[in-house]
Amino acid sequence: MQFYIVDVFAQAKYNGNQLAVVTNANTLADEQMQRIAREINYSETTFIVSNEIRENGYDVRIFTPAQEIPFAGHPTLGTAYIIQKAIISQPVETINLNLKVGQIPVNLHYYNGDVELLWMQQKAPTFHKKLAADAIAPILNLNLEDIDTNFPIQEVSTGLPFIIVPLKKLAAVKQIKVNKELYFNLVNTTEAKSILVFCPETYKLENNLNVRVFCDYLGVPEDPATGSANGCLAGYLVEYSYFGTDTIDICVEQGYEIGRDSLLLLKAQKKDSEIQVFVGGKVIMVAKGEFV
């Protein structure tokens, strides 16, 4: 078995969200995968169960340090990148990953023969429980007036659910400090275990939104770049016409508050009653090694 370390949604090495990808992991038992993910201690570690294609895709499992999860964004893009680089070793347009949530296609775009950008199409978003602003504000150390009440606080899922919280100003995003006791009290009553906050003010003028994601329940206090959460956000933005349209093509910055500047690209459109969501970004190779 070999393993690779990549930075996903990174504009430069050691930014973005770091990921370990283990290839040809069919000899590992569940508890061994969990132990490796815990010892590596990135937000997620992925295991390519076999280097062979099955049902037109590659079987992949995703573990946080705490548990296995059905879907996550940056592991999907990072794993597809490693499959192209280390297993296929030739340009292909699409790689399918067979995940617990189902098959997720990843499209690869090239520049001078190398992968420049990857896009995944996530499952159509579903919209669930709405939450009161006065229940969320104290969890995040916010005042009620920091929350944009023109839009709901709501659980949204494209395979992994998140609580989406719209804020007005970047100053409110910066001041967030999660009250862990109140946070765990909340997520014991909700399907979603992680919170995404966003606002229209950004550190860089060319970006459209600033985002932070908190997921202590999954063993990650704050995630620097979260493709699954931003996929939920993309669906939310279209569902509620946040930008005044049912189509978006935007850049989202995340991780700035923890020194891991990341950039995620979001596209979404509403056709009839279904929303299509695409999340894209860069992947950068950091290191590779071999288990002994």
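A residue counts as buried when its relative accessible area is under 20%, as exposed when it is over 50%, and as partly exposed in between. With that cut-off in hand, E222 is buried, and so is R212, and the side chains of these two residues meet in a salt bridge with an N to O distance of 2.7 Å. The structure is a predicted model, and its chain is divided into domain 1 (2-122 + 282-290) and domain 2 (129-273).

**Domains**

- The centres of domain 1 and domain 2, taken over C-alpha atoms, are separated by 24 Å, and the contact between the two domains takes 23 residues from domain 1 and 23 residues from domain 2.

**Nonpolar cores**

- In soluble globular proteins, nonpolar side chains tend to be buried together.
- The largest nonpolar core of this model has 59 residues, of which L118, I164, F198, L233 and L237 touch the most other members.
- The element that gives the most to this core is helix α6 (residues 227-239), which supplies 7 residues, and the core draws at least three residues from each of domain 1 and domain 2.
- When its neighbours within four places in sequence are left aside, L118 is in contact with L77, A80, Y81, V106, N107, L108, V279, G280, G281 and V283.

**Salt bridges**

- The model contains 11 salt bridges, counted with a cut-off of 4 Å between a side-chain nitrogen of Lys or Arg and a carboxyl oxygen of Asp or Glu.
- D114 forms a salt bridge with K85, the closest N and O atoms of the pair being 2.4 Å apart; D114 belongs to strand β8 (residues 114-122) and K85 to helix α2 (residues 73-88), so that the pair links distant parts of the chain, 29 residues apart.
- Both partners of this pair are partly exposed, since the relative accessible area is 35% for D114 and 33% for K85, values that fall between the cut-offs of 20% and 50%.
- D216 and K180 meet through their side chains in a salt bridge with an N to O distance of 3.7 Å; because D216 lies in the loop between β13 (209-215) and β14 (220-223) while K180 lies in helix α5 (residues 180-187), the pair ties together parts that are 36 residues apart in sequence.
- Salt bridges that share partners join D30, R61, E68 and K100 into one network.

- E222, a residue of strand β14, counts as buried because its relative accessibility is 15%, which is under the 20% cut-off.
- Its side chain also makes a polar contact of 2.7 Å with the side chain of R212.
- Apart from its neighbours within four places in sequence, E222 is in contact with R212, V213, F214, E257 and I258.

**Helix α1**

- Helix α1 (residues 30-40) has M33, Q34, I36 and A37 as its buried residues, and these lie on the same side of α1 because they cover an arc of only 160 degrees around the axis.
- The buried residues of α1 pack against β3 (45-48), β4 (58-63) and β5 (68-69), while the face turned away from the buried side carries the exposed residues E31 and E39.
- The residue N41 follows α1 and has a positive phi, near 65 degrees.

**Y111**

- Y111 has its place in strand β7 (residues 102-111), and it counts as exposed because its relative accessible area is 53%, which is over the 50% cut-off.
- From C-alpha to C-alpha, Y111 and T158 are 30 Å apart in space, and the two residues are 47 residues apart in sequence.

How values were computed:
Residues are numbered from 1 along each chain as its sequence is written. This is a predicted model: local features need pLDDT of at least 70, side-chain atom pairs count only at pLDDT 80 or more; totals for chains, interfaces and linings use all residues. Side-chain values use heavy atoms; hydrogens and water are left out. Helices (H or I, at least four residues) and strands (E, at least two) are DSSP runs, numbered from the N terminus. Buried means under 20% relative accessible area, exposed over 50%, partly exposed in between (1.4 Å probe, protein chains only). The arc is that of the directions from the helix axis to the C-beta atoms. Contact means heavy atoms within 4.5 Å. A polar contact is a pair of N or O atoms within 3.5 Å; within protein, one must be able to donate a hydrogen and the other to accept it, and residues adjacent in sequence count only if both atoms are side-chain atoms. A nonpolar core is a set of buried Ala, Val, Leu, Ile, Met, Phe, Trp, Tyr and Cys residues joined through side-chain atoms within 4.5 Å. Domain bounds come from an automatic or database domain assignment.
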